[in-house]
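Visitor: Hi, could you walk me through this one? I'd like the strands, then a closer look at a single residue.
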Amino acid sequence: MFTGIIEDVGHIESLTPTGDDIRLRIRVNKLDMSDVALGDSIANNGVCLTVVDMNSSGFSADVSHETIKRSGFADYKAGSKVNLEKAMLPTSRFGGHIVSGHVDGVGEVISVNPVGRYVEIWVQAPKDLARYLAEKGSITVDGVSLTVNAVDGAKFLITLIPHSLQETIIGGYKKGTKINLEVDVVARYLERLMLGDKAAESGQQKSDISMAFLAENGFLR
């Protein structure tokens with residue numbers, strides 16, 4: 001489990017194909033690796049990956065075909081920067097929101113607008129994620145815990161403070177940038193829960209309940 005509070009920006013040193021999968025090598029910048037062990041989880045642009053090799057300068061992880069299909073890893077290359085966060089400890093301060101590290105889809109930046117010291121970014125999400133977008137709800141963008149400030153169909157607005165722009169890869173976003181999205185885990189489980197007994201029936205994936213209705217009535221706040 002993660003919080004969406006980025007600890008470091010590293011970069012990809014290499015991506016080595018291993019059949020349908022990829023062996024990824026990440027070089028860290030300031031991330032403390034002294035308490036990381038083999039088998040630990042580190043989020044890379046919001047994707048939870050297992051450490052399979054490591055030293056003080058970085059770590060390696062395997063990226064499965066499923067992860068490649070659902071995330072931006074298909075477009076990453078050596079030199080690409082990545083937001084890094086180690087899995088949270090029970091004693092950690094919970095500064096963001098609940099982040100599982102399981103990417104739901106890839107969005108695309110459609111505009112980047114400076115507003116004073118802040119930057120407003122509109123993102124186009126996949127249509128099947130639109131039901132999970134709620135104004136003032138939470139969303140994870142490349143591993144960063146953010147608040148949705150406006151929603152227009154499958155588009156949503158996020159506002160970045162200077163600190164977030166400096167300490168994450170979001171400062172480098174431009175129109176057309178592809179980004180990993182993870183919707184709020186509460187919304188996903190709530191939708192499934194609303195199926196009731198029908199959840200056990202084959203083919204039942206989503207309920208007909210409106211996530212907008214839930215947001216309007218305070219369930220997603």
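Guide: Happy to. A definition comes before the strands: two strands pair if DSSP finds at least two bridges between them. Helices (H or I, at least four residues) and strands (E, at least two) are DSSP runs, numbered from the N terminus. The model is predicted, so local features need pLDDT of at least 70 and side-chain atom pairs count only at pLDDT 80 or more, while totals for chains, interfaces and linings use all residues. Residues are numbered from 1 along each chain as its sequence is written, and side-chain values use heavy atoms, with hydrogens and water left out.

Visitor: Good. Which strand is joined to E6, and by how many bridges?
Guide: E3 is joined to E6 (residues 81-86) by three bridges, and the two run antiparallel. Asn44 has Leu84 as its bridge partner in E6.

Visitor: And how many bridges do E3 and E4 share?
Guide: Four: E3 (residues 41-44) pairs with E4 (residues 47-55) in the antiparallel sense. Within that pairing, Ile42 is bridged to Leu49 of E4.

Visitor: Which residue in that hairpin takes a positive phi?
Guide: That is Asn45, with phi near 50 degrees; the hairpin has two residues between its strands.

Visitor: What is Ser138 in contact with, beyond its sequence neighbours?
Guide: Setting aside residues within four places in sequence, Ser138 contacts His97, Leu146 and Asp184, where contact means heavy atoms within 4.5 Å. Val183 is 45 residues from Ser138 in sequence, yet their C-alpha atoms are 7.2 Å apart.

Visitor: How about the whole chain: how many helices and strands?
Guide: The protein chain has four helices and 13 strands. Of its 221 residues, 43% are buried. Among contacts with a separation of 6 or more, 67% are between residues 24 or more positions apart.

Visitor: What does the C-alpha trace span?
Guide: About 50 × 50 × 35 Å along the principal axes.

Visitor: Last one: what does UniProt place on it?
Guide: The unreviewed UniProt entry places "domain: Lumazine-binding" at residues 1-97 and 98-194. UniProt positions are in the numbering used here, feature names are shortened, and annotations may be inferred rather than shown by experiment. Over residues 98-194 the chain is 15% helix and 42% strand, with its end C-alpha atoms 21 Å apart.

Definitions and conventions:
Buried < 20%, exposed > 50% of the residue type's maximum accessible area, 1.4 Å probe, protein only.
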